[in-house]
Amino acid sequence: MLSLRMQKNGGTMAETMTDSTGGSDEPTTGGGTRVLPFEFRGEGKEYFKIWIVNILLTILTLGIYSAWAKVRNNRYFYSNLYLDGESFRYLADPITILKSRIIAVVFFGVFVVASELFPVVGIVLAILLLAVTPYLVVRSLAFSNRMSAYRNIQFRFNASYGEAAMALLVWPILGALTAGILYPYAMLKSSQFIVRNSRYGSSAFDFDAKTWNYGLVFLIFLGLIIATLVVFSVVSFASSTAGVIVGALGYVLAGVYLTVMLTNVYFNSTSLQAHRLAANLELPGYLRVFVVNAILTVLTLGLYLPFAKVRLAKYRADHTQFIAAGSLEEFAAAEKEQVSALGEELGEVFDFDVGAI
Amino acid sequence: MIAGAYSDGQSSKTEPATLHRQGEWVEIRDSNNKTLRRVALSLVNITSRLGNTPRSVILGAASGSAPVAQFETDDNDAIDRLFAGSGVASTLLHRLESHIGLIASACVFTVAFVFWLVVWGVPHGATVLAYSLPDELVSRVGDHTLEVLDATYLEPSELDAGEQPRIHGVLAPHVLPGPVTLHFRKWVPNALALPDGSIVLTDELIELADHDEELIAIAYHELGHVEHRHLLRRSLQGSVIAIFLFLLTGDVTNSDLLVTAPAVLVDLAYSREFETEADRYALRAMTQSGIDPIHFRNIMQKLEDWYTDQDEDGDAMPAIFQYLSTHPQTEERIAVIEAHIE
């Protein structure tokens, strides 16, 4: 299943502000709307120091510090993402994350050992896991949304198991079974499910993409893959090395295309009351960021990774906007709720990795 | 007095405000100097300093999700000064993260540690663990492999009726004490050892061999895998690497490929080491049984030729691909055998 991301580095709902005092040099679209760009103010140099100390302490504490590391990493990306002069906040408490991680690692260990020794148990567990996935995804999204705030108002996510099962299991499976024909529709259902069940405070988001938005992207993606295969076969006749290089590049290109288009569709279809989101990521620009990141990360044995994350976050923020139909000060907080971190941590261990982009 | 913004948590409205501290009390005043909130210091929570990000002063107990008023400011230094010594504003981690000497050491340490872990720590730990587990447990690992292979790649053998018992007779004295199970299949020239000690041979491999000793050499190589518990060790090593990566980067988002690729490359490197270990085992076993190691070399060369011929342009694998391979380059393996012969 395509993994999408929401509310993680680069933020979905954070924006940048062109001009915090408002006024005539703000681009407007008429009728009192303001286009507020997102802005990511983090710096690779600054983040690198946080990141490397996180790794050092995680190693020295045999992994215990990883919960604090996660909180600091997320806080860095949230708090450096600005919209209309305000930044986002990541609220999670490291102790909660630690408890959940311990449980999650134990689960993972049991799962691996059981599958190796008792293949039948392994299969049963895998099926159980599949059935439990919608529940875990919902818990995971609920937790990570609640741990996100803007202007001191928390986000929310609430969905029923049934709805989650349809959007996250049934439709994708149907998509796969129909040799991909229903897949764009399945992607639409997933995104709808996530966005429409998300709230900022007590205000719900809405999602108005059409199947064709996904269908077109999907078709072009398939086209790119097929073109890559064709070129790969042709070039391989001459030289298999060149063939593989061409194949790898084509694969990267197709993957980046998919990410860019899906991100744009996702944001452009999302609205919050009268306000809207917009995104205009571009293939060449994103490709450049991605390729430079990959090359430099490999050359530096991974030490470039934090710089890479910051560059990517900057690119995405630079190409995402919030189109405000009025003041952003009129949202009300949602009611009290209590959600455990367990869902999110289990979700991470089993790579549920849901969100948008 | 510190300048910032105040929000009450009930709505998304924020207003410019100033923060004042009077002993054990914290007070927030609006731009007209009117008091918005007054909270005891013991109920105030200040987020730890993180780079240049805004600092939040949370005014009241932050329970699960009840709206809580907060004051936010960009002036981290002022917050640190104002609350120094009160135990409320934590800067320990920030100081570690700003200490250049520590940063530099952390870089060196991390690279060295990861290198040590991958090259020595994980394989060594896995070996110790694998050998300390009871035999019965070890033989269960991967014991469904044959079923899976039968369902996917393998087809029933088409050897002549008499061949199977003959080969069984040839191999039996050389392999594990006790009855050995041989499975014959049709696929590509290849042989596998299953953890319970049984061996799978393919028709194509048998066809390729001109001498029974070549089959014995292959059998010994496969037994090397069993003897050294390679399947289990590879599983353990892979799992540890996976957990290590999860702990370090559990929240990595868009660089997924950059994180999983190294894990795959490491696994392949481990695999090549196991193959080398199995080769060494085979050479020792052949010498002990008085079988000429040249047969091992010969069958290996024939396998290499067979697989190379399958490649349309007949290229030997370009050098770079050796890092993507589960086995060491055949030339290397043959060189090792020839060195052993001398």
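This is a predicted model: local features need pLDDT of at least 70, side-chain atom pairs count only at pLDDT 80 or more; totals for chains, interfaces and linings use all residues.
1. Five of its five residues are buried, so S6(A) is largely enclosed by the rest of the structure. One partner is strand S5 (residues 148-150) of chain A, which pairs with S6(A) in the antiparallel sense over two bridges. In this pairing Ala149(A) is opposite Gln154(A). S5(A) and S6(A) form a hairpin with two residues between the strands, and Arg151(A) has a positive phi near 50° there.

2. S6(A) also pairs with strand S7 (residues 198-200) of chain A: the two run antiparallel and are joined by three bridges.

3. Another pair in chain A is strand S8 (residues 203-207) with strand S9 (residues 270-272), antiparallel over three bridges. Here Phe205(A) is the residue opposite Leu272(A) in S9(A).

4. Now for a helix pair. Helix H1 (residues 44-60) and helix H2 (residues 66-79) of chain A have axes that come within 9 Å and cross at roughly 170°. With angles over 145 degrees counted as roughly antiparallel, that is how H1(A) lies relative to H2(A). From H1(A), the contact takes in Glu46(A), Tyr47(A), Ile50(A), Asn54(A) and Thr58(A); these meet Ser66(A), Ala69(A), Arg72(A), Asn73(A), Tyr76(A) and Phe77(A) of H2(A). Sorted by class, the contact of H1(A) with H2(A) has five nonpolar, four polar and two charged residues.

5. Turning to chain B, you will find twelve helices and eleven strands. Chain B has 342 residues, of which 45% count as buried. Its contacts between residues at least 6 apart in sequence include 56% that join residues at least 24 apart.

6. Five of its six residues are buried, so S3(B) is largely enclosed by the rest of the structure. On the S2 side, six bridges join S3(B) to strand S2 (residues 15-22) of chain B, and the two run antiparallel. His20(B) faces Glu27(B) across this pairing, standing opposite it. The S2(B)-S3(B) hairpin has two residues between its strands, with Gly23(B) in the turn at a positive phi of about 60°.

7. S3(B) pairs as well with strand S4 (residues 35-40) of chain B, in the antiparallel sense and over five bridges.

8. A second salt bridge in chain B joins the side chains of Asp77(B) and Arg49(B), at 3.1 Å from N to O. Asp77(B) belongs to helix H1 (residues 76-82) of chain B, while Arg49(B) sits in the loop between strand S5 (44-46) and strand S6 (55-59) of chain B, so the pair ties together parts that are 28 residues apart in sequence. Asp77(B) is partly exposed, with a relative accessible area of 43%, whereas Arg49(B) is buried at 11%.

9. Salt bridges that share partners also link Arg34(A), Asp84(A), Arg151(A) and Glu329(A) in one network. Elsewhere in chain A, Arg41(A) forms a salt bridge with Glu39(A), with 3.0 Å between the closest N and O atoms. Arg41(A) is partly exposed, its relative accessible area being 37%; Glu39(A) also counts as partly exposed, at 25%. Over all chains the count comes to 22 salt bridges.

Note on methods:
Residues are numbered from 1 along each chain as its sequence is written. Chains are lettered from A and ligands numbered from 1 in the order in which they are written. Side-chain values use heavy atoms; hydrogens and water are left out. Axes are lines fitted to C-alpha atoms, for helices over the stretch in contact, and angles run from 0 to 180 degrees between N-to-C directions. Helices (H or I, at least four residues) and strands (E, at least two) are DSSP runs, numbered from the N terminus. Angles under 35 degrees count as roughly parallel, over 145 as roughly antiparallel, 65 to 115 as roughly perpendicular and the rest as oblique. Contact means heavy atoms within 4.5 Å. Ala, Val, Leu, Ile, Met, Phe, Trp, Tyr, Cys and Pro count as nonpolar, Asp, Glu, Lys and Arg as charged, and the others, Gly among them, as polar. A salt bridge is a side-chain nitrogen of Lys or Arg within 4 Å of a carboxyl oxygen of Asp or Glu. Buried means under 20% relative accessible area, exposed over 50%, partly exposed in between (1.4 Å probe, protein chains only). Two strands pair if DSSP finds at least two bridges between them.
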